[in-house]
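I start with the terms and then go through the chain by topic.

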Amino acid sequence: QVQLVESGGGLVQAGGSLRLSCAASGSIFSINAMGWYRQAPGKQRELVASITNGGSTNYADSVKGRFTISRDNAKNTVYLQMNSLKPEDTAVYYCNARRVYGLGYLNDWGQGTQVTVSS
């Protein structure tokens with residue numbers, strides 16, 4: 001199992017920036033990708049950005065050009081730099097670790113961190 005601890009959420013005005021951090025511990029050797037998801041009230045959880053062990057990244061169209069995902073392998077930490085924030089970015093942001101398990105994958109989740117963007 002992988003434990004994920006997020007930090008960095010908060011309240012920011014539209015146009016501002018925040019950086020989220022997610023520190024992983026436990027069976028980190030089995031992780032092959034990490035990412036950030038978000039869930040706004042009344043909506044489904046959606047992928048925001050992901051990064052593989054090889055460094056390949058993927059972004060939701062709504063955040064391309066504004067958000068950047070990165071990782072520090074020495075610290076077992078993944079970051080989400082969020083710039084030019086919009087009110088529609090308001091959500092609980094969850095860190096995700098996808099790890100190899102047998103012939104498939106398992107997902108581990110952090111507890112979530114609230115991001116609120118005021119207009």
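Before listing bridges I noted the rule that two strands pair if DSSP finds at least two bridges between them. Strands (E, at least two residues) and helices (H or I, at least four residues) are DSSP runs, numbered from the N terminus. I looked up strand S8 (residues 77-82) and found six bridges joining S7 to S8, with the two running antiparallel.

Basis of the entries. The model is predicted, so I kept in mind that local features need pLDDT of at least 70 and side-chain atom pairs count only at pLDDT 80 or more, while totals for chains, interfaces and linings use all residues. Residues are numbered from 1 along each chain as its sequence is written, and side-chain values use heavy atoms, with hydrogens and water left out.

The sheet. I traced an open sheet of four strands in the order S1-S3-S8-S7, with antiparallel pairing. Strand S1 (2-7) and strand S7 (67-72) are at the edges; each has a single partner strand, so one side of each has no neighbour in the sheet. From one strand to the next, the twist averages 20 degrees; axes here are lines fitted to C-alpha atoms, for helices over the stretch in contact, and angles run from 0 to 180 degrees between N-to-C directions.

The whole chain. I counted eleven strands and zero helices. The radius of gyration, taken over C-alpha atoms, is compared with a globule rule of 2.2 Å times the number of residues to the power 0.38. For 119 residues a compact globule would have a value near 14 Å, and the chain agrees with 14 Å. Along the principal axes, the C-alpha atoms fill a box of roughly 45 × 30 × 25 Å.

Burial. I used under 20% relative accessible area for buried, over 50% for exposed and partly exposed in between, with a 1.4 Å probe and protein chains only. By that rule, 42% of the 119 residues are buried.

Asn96. Where does Asn96 lie? I found Asn96 in strand S9 (residues 91-101). Asn96 is buried, at a relative accessible area of 4%. Its side chain makes a polar contact with the side chain of Asn107 at 3.1 Å. A polar contact is a pair of N or O atoms within 3.5 Å; within protein, one must be able to donate a hydrogen and the other to accept it, and residues adjacent in sequence count only if both atoms are side-chain atoms.
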